[in-house]
Amino acid sequence: MPSSICRPHRNARGVVACLLAAALLLSVGCSDPVEEESPASWKVIKQGLDGALLSIFIDAGGEVWLAGAHRKDKGPTLMHRGADGAWQTLEPGGKGDLWWVFSRKAGEVWAVGGGGRVLRHDSTTGAFVELATETTATLYGIWGAAEGPLWAVGGFVFDAQEPGVLLRISGEKVESVPLPPEVKPNESLFKVWGSAADDVWVIGDKGSTLHFDGSAWTYNKLEGGPRLVTVHGGSKDDVVVVGGAMNGQIFERKADAKWTPVVLDGLSGLNGVYVRPDGNAAAAGMGGVVLKRSGGAWTDLPFPETDADWHATWMEADGSIWVAGGNLGSISAMDDGAVLRYGK
């Protein structure tokens, strides 16, 4: 059976909270008031950036990396917040958008984007190295286990004649990997994530999921062929995919190895998802929607006071949620970048 999203009635909860507070005051008489913990709220980290933000990555040391759209005549967006809390705008050079940023070890950051671009950044020296690829596809995602190759995926969304792309990156070498024959010729691949080098998932825009077991890629298509945008997991037995075009969709895969849809009611398309090892998760998408999974149930958070669409999200250990996006309503705009954080 599909699981469903739970939407508490915030006004009703407020009435109940007020009644309980009044009862508590009557019961304790004139004793000193109890100091209440401040509620979670949205905080604007950055807004009004030249390029929309498309990806966020926070490493084990708390350093934040943001990647995004081309900034008019300034090149692609790439930003870093160090351990000292100071933000820096990096200049990798070139043109086009950077769609995803990823790091698997300290000092080494990867970004992929338009025109088959694969960048490696040495954060200790500040140097950028661009690896040669044999594709002009837009690369939308990159991931790799702690050891072994990295995987990058992409395609040609606006060209129905071009196939999706799966790249294997080993050191300085980038090679194209043949796709399973079931993948449609005009199907773009959007994201890649794995729990280990022998448990890697790739998702595509026609309901396709690809799985790598360490030796071969296998294909499976979700019922109805939904547009799948991002995949992430907390473990091999807790993987979540989000997507949808006009209507948001979530699919969860647990230990039973079945993809189960989550019933959503009237939500816009979802673009980003992040799952923690403890089972908590966040998802975000168009129209400013942000969802949180706690105790296995999805609920929607209050909308932040911004007109931004969200493309990526991240959840910290304390449950705080980051969202990154901007003006995503038109591929020709991709500006007004913003990143916000929800927490205490």
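**First stop: Ser 55**

Select Ser 55 and Val 101: the side chain of Ser 55 reaches the backbone nitrogen of Val 101 at 3.0 Å. A polar contact here is a pair of N or O atoms within 3.5 Å; within protein, one must be able to donate a hydrogen and the other to accept it, and residues adjacent in sequence count only if both atoms are side-chain atoms. This is a predicted model, in which local features need pLDDT of at least 70 and side-chain atom pairs count only at pLDDT 80 or more, while totals for chains, interfaces and linings use all residues. Residues are numbered from 1 along each chain as its sequence is written, and side-chain values use heavy atoms, with hydrogens and water left out.

Ser 55 belongs to strand S3; helices (H or I, at least four residues) and strands (E, at least two) are DSSP runs, numbered from the N terminus. Is Ser 55 buried or exposed? Its relative accessibility is 0%, and therefore Ser 55 counts as buried; buried means under 20% relative accessible area, exposed over 50%, and partly exposed in between (1.4 Å probe, protein chains only). Display its surroundings next: leaving out residues up to four places away in sequence, Ser 55 touches Trp 65, Leu 66, Ala 67, Trp 99, Trp 100, Val 101 and Ala 312. Contact means heavy atoms within 4.5 Å.

**Second stop: His 311**

Move to His 311, in strand S27 (residues 309-315). With 8% relative accessibility, His 311 counts as buried. A polar atom of its side chain lies 2.8 Å from the backbone oxygen of Leu 54. Apart from neighbours within four places in sequence, the contacts of His 311 include Leu 53, Trp 99, Trp 100, Lys 191 and Asn 271.

Select residues 98-105 and 108-113, which are strands S7 and S8. The two strands form a hairpin with two residues between them, and Gly 107 in the turn has a positive phi of about 90°. Five bridges join S7 to S8, and the two run antiparallel; strands count as paired if DSSP finds at least two bridges between them. Leu 98 stands opposite Gly 113 in S8. Six of the eight residues of S7 are buried, so S7 is largely enclosed by the rest of the structure.

Thr 138 has its place in strand S11 and, at 19% relative accessibility, counts as buried. Among the residues it touches, not counting those up to four places away in sequence, are Trp 99, Gly 113, Val 153 and Gly 155. Draw a distance to Phe 156: Thr 138 and Phe 156 are 18 residues apart in sequence and 6.4 Å apart in space, C-alpha to C-alpha.

Which residues lie nearest the centre of the largest pocket? Select Phe 57, Phe 102, Ser 103, His 232 and Trp 314, which lie nearest its centre among the 42 residues of the lining. S3, S7, S8, S11, S15, S19, S23 and S27 each supply at least two residues of that lining. The space in the largest pocket is about 760 Å³. On a 1 Å grid over the protein atoms alone, a pocket is an open set of points where a 1.4 Å probe fits, with protein on both sides within 12 Å along at least five of seven lines; lining residues have an atom within 4 Å of a point. Grid points are joined across faces, edges and corners, and the volume is the space filled by probe spheres set on the points.

Four strands form an open sheet in the order S15-S16-S17-S18, with antiparallel pairing. Strand S15 (189-196) and strand S18 (217-221) are the edge strands, each pairing on one side only. S15 is joined to strand S16 (residues 199-204) by six bridges. Select Trp 193 to find it opposite Trp 201 in S16.

**Last stop: two positive phi values**

Ala 257 is in the loop between strand S21 (249-253) and strand S22 (259-263). Its phi is near 65°, a positive value in a residue other than glycine. Ala 257 counts as partly exposed, at 42% relative accessibility. Asp 336, in strand S29 (residues 335-343), also is not a glycine and has a positive phi of about 55°. At 45% relative accessibility, Asp 336 counts as partly exposed.
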